[in-house]
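Hello,

Here is the structure I promised to pass on to you. Have a look at it first, and then read my notes below.

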Amino acid sequence: MTHLDALMMRRALDLARLGTGYARPNPLVGCVVAHQGRIIGEGWHRQYGGPHAEVNALAAVADPDLLPASRVYVTLEPCSHHGKTPPCADLLIEQGVRDVVVCNLDPNPLVAGRGIEKLRAAGIQVQTGLLEAEGRWLNRRFFTFQEKKRPYIVLKWAETADGFLVGPYFQPVPISGELAKVAVHKWRAEEQAILVGTRTALHDNPRLDAREWPGPSPLRLVIDKNLSLPPSHHLFDGQHPTLVYTYRSRPARGSLEFVQLSENDDLFPQLLDDLQQRQVQSVLVEGGPTVLNSLVRAGLWDEARILRSPKLLEAGVPGPRLGLLNLHEHLTLGPDELFVYLNRTPA
Ligand SMILES: NC(=O)c1ccc[n+]([C@@H]2O[C@H](COP(=O)([O-])OP(=O)(O)OC[C@H]3O[C@@H](n4cnc5c(N)ncnc54)[C@H](OP(=O)(O)O)[C@@H]3O)[C@@H](O)[C@H]2O)c1
Ligand SMILES: [Zn+2]
């Protein structure tokens, strides 16, 4: 495949990204139709339940007579089964497409390869695996959910230059600055759910919404084993769907739901199983240190985003030790630095 093919697939991946927050639990998919090196149609999966990327891209082609001489780039194997919409493989065949390039295969073992087979059986030339690693990264939440049967877990914390997340007496101290706050709200809009521990909910009284960023607010999750949190706290304001993980039983109230866990089993496997059943593909964990440490000890994390501030606390609670570090990204956000680490051996 040529440099031009890679450019076209990169464009399709960029389009796919525009569905972030709206396509789930479907994957992010983009599609580009190119004729003699020129894009004549493009589209992406905008919304769960709405048309797939291929449908939108083909609909955007002004002159369908060009399709037999065009190359179609799609970031995920075209579907071959009747879901909420008819199969895209059939559409490509009907429209006379002869040449398809695919980035990733469908991870679902029941459908993997079937879309490709269907296209090839109709005489279409199909090439796969172009920019495969980029595609897997883009859809890391979807792939993790499908392959590990648990949501993709993003840990986030802010620490001082001397490594503390909390001061000695648990008094809330703002550690990171304004720009970091906007970044965190962007992350909240990108993940499907957001989790905090009981003491963070109690001391910080967070809203856990994405008000500083245009995008959907996540499903709010809080651990409250004995239902000890004050009902007047923001998490119970009914503004966004909220799940309370508890050992007690309590009926739901509007968008507030209580999920009863067993005291005899570990908490996080039960919590993650519940999220898997609810089709929650990703969770942003915003602390506190006890929750973060438990997940790190269990190897239950995929990405850790650490905001390092120039402030000093001199004493307090330090952050988790991540062990062997794989630095993925390093940025400056105003006075703070952001370090993103990836877990190479996730559970
Ligand atoms: N700098 C930052 O980025 C940051 C972020 C968030 C919070 N904070 C600060 O952190 C402080 C609170 O932190 P914290 O560590 O004391 O509390 P926390 O992590 O917010 O809450 C402790 C939670 O851990 C649960 N838990 C954790 N692992 C568990 C496991 N394996 N099994 C069962 N339960 C488990 C606890 O339940 P039980 O305790 O009920 O058993 C409880 O819900 C607050 O003052 C807040 O300001 C700082
Ligand atoms: Zn489709």
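**What I found**

His52 is partly exposed, with a relative accessible area of 21%. Please keep in mind that this is a predicted model.

Let me begin with the metal site. Which residues coordinate the zinc ion (ligand 2)? They are His52 through ND1, Cys79 through SG and Cys88 through SG, at 1.9 to 2.3 Å. Along the sequence, these donor residues follow the spacing H-x26-C-x8-C. His52 sits in the loop between β2 (38-44) and α2 (53-59), while Cys79 sits in the loop between β3 (71-76) and α3 (88-94), so this pair ties together parts that are 27 residues apart in sequence. Cys79 is buried, at a relative accessible area of 11%.

Now to ligand 1. There are 23 residues around it, and those that come nearest are Thr198, Thr200, Lys225, Thr290 and Ser294. By class, this shell has 11 nonpolar, 8 polar and 4 charged residues.

- An oxygen atom of ligand 1 is 2.7 Å from a side-chain N or O atom of Thr198.
- A polar side-chain atom of Asp204 lies 2.7 Å from an oxygen atom of ligand 1.
- A nitrogen atom of ligand 1 is 2.9 Å from a polar backbone atom of Leu165.

Taken alone, ligand 1 exposes 940 Å², and the protein buries 82% of that. Two or more shell residues come from each of β6 (152-159), β7 (164-166), α8 (198-204), α9 (267-277) and α10 (289-297). The largest share, 5 residues, is from α8.

Enjoy exploring!

Key: Residues numbered from 1 in each chain as written. Chains lettered and ligands numbered in written order. Predicted model: local features only at pLDDT ≥ 70, side-chain atom pairs only at ≥ 80, totals over all residues. Heavy atoms only, no water. Donors = N, O, S within 2.8 Å, 3.2 Å for Na, K, Ca; no water. Helix = DSSP H or I, 4+ residues; strand = E, 2+ residues; numbered from the N terminus. Buried < 20%, exposed > 50% of the residue type's maximum accessible area, 1.4 Å probe, protein only. Near = heavy atom within 4 Å. Polar contact = N/O pair within 3.5 Å; in protein donor to acceptor, adjacent residues only side chain to side chain. Areas by Shrake-Rupley, 256 points an atom, 1.4 Å probe, with all protein chains shown as cover. Nonpolar A, V, L, I, M, F, W, Y, C, P; charged D, E, K, R; others polar.
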